[in-house]
Amino acid sequence: MRGKSFIILSIVLIFGTAWLIAANRKYASAPSPSSKNLHNIRHAPYPSTLAIQPFCPLKKLIGIPCPGCGSTRAILYLSKGRFREALYMNPLALLVALFCAIAYFWAFADLLKNRNTLEIFLTTPLSPKYLPLLLIPILLNWIFNFYKGF
C-alpha cells in the first residue's frame, strides 16, 4: 500500500499532465515573440480558450507579483520547446518541471521494484541548513518578476 504523499504526488502529476495536454491543444497558436526583445513576451496572452485562467491571488489583492507569477506561461512555452521564453517567464517553473519529470520516472521505478524511495524522500523533513538553498532562488525569482514588470 502506497502512502498518502505518494498518492497525492501521483494525482498532481496526472492532473498536471492532463492540463498541459489540454492547454496545448487549445492554445496551439500562441504568438511567437521577437527573440531580440524578450520584454515583449511578458504580454503574451493567456490561453483564453481554457475554462480556468491563470490567477495570482497576491497580485489581485495587493498589486504585486508573487514568485510564481509567469509559471503558467513558462510551462506552456517549455512544452512547445521555446526554452528562452520559458526561462524569461519564470526560471523556477523550469526547475519544478524538471522535478516533475524526474518524479514520473522515480515513481514508475518504485512501482516496478516495489520500493518506497520517492515517498521516503518526500516525507523526510528538510534540514534547516538547506533552507537558504530554497529561499534564495525564490527571492531572486521574485526580484526578477519585479524587474520584468509582472
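Which helix holds leucine 133? Leucine 133 belongs to helix 7, residues 131-148. The model is predicted, so local features need pLDDT of at least 70 and side-chain atom pairs pLDDT 80 or more, while totals for chains, interfaces and linings use all residues. Residues are numbered from 1 along each chain as its sequence is written, and side-chain values use heavy atoms, without hydrogens or water.

**View 1. A nonpolar surface patch includes leucine 133.** Leu126, Tyr130, Leu131, Leu133, Leu134, Leu135 and Ile138 make up the patch. Together they have about 660 Å² of accessible area (Shrake-Rupley method, 1.4 Å probe; for residues, only the protein chains shown count as cover). Patch residues have over 30% relative accessible area and no salt bridge; nonpolar side chains (Val, Leu, Ile, Met, Phe, Trp, Tyr) are joined within 5 Å, like charges within 9 Å. A salt bridge is a side-chain nitrogen of Lys or Arg within 4 Å of a carboxyl oxygen of Asp or Glu. Leucine 133 counts as exposed, at 61% relative accessibility. Exposed means over 50% relative accessible area, buried under 20%, partly exposed in between (1.4 Å probe, protein chains only).

**View 2. Helix 3 has buried residues along one face.** Helices (H or I, at least four residues) are DSSP runs, numbered from the N terminus; strands (E) need at least two. In helix 3, residues 71-79, the buried residues are Arg73, Ala74, Leu76 and Tyr77. Down the helix axis they fall within an arc of 165°, so they line one face. The arc is taken from the directions from the helix axis to the C-beta atoms. Glycine 81 follows helix 3, with a positive phi near 80°.

**View 3. The largest pocket has a volume of about 600 Å³.** On a 1 Å grid over the protein atoms alone, a pocket is an open set of points with protein on both sides within 12 Å along at least five of seven lines; lining residues have an atom within 4 Å of a point. Grid points are joined across faces, edges and corners, and the volume is the space filled by probe spheres set on them. Of 24 lining residues, Gly16, Ile75, Val96, Ala97 and Cys100 are the closest to the centre. Helix 1 (4-26), helix 3 and helix 5 (91-113) each give two or more residues to the lining. Helix 5 gives the most, with 8 residues.

**View 4. Asparagine 114 lies in the loop between helix 5 and helix 6.** Its phi is positive, near 55°, in a residue other than glycine. Asparagine 114 counts as exposed, at 66% relative accessibility.

How values were computed
On a 1 Å grid over the protein atoms alone, a cavity is a set of points where a 1.4 Å probe fits but cannot get out, and a pocket is an open set with protein on both sides within 12 Å along at least five of seven lines; lining residues have an atom within 4 Å of a point.
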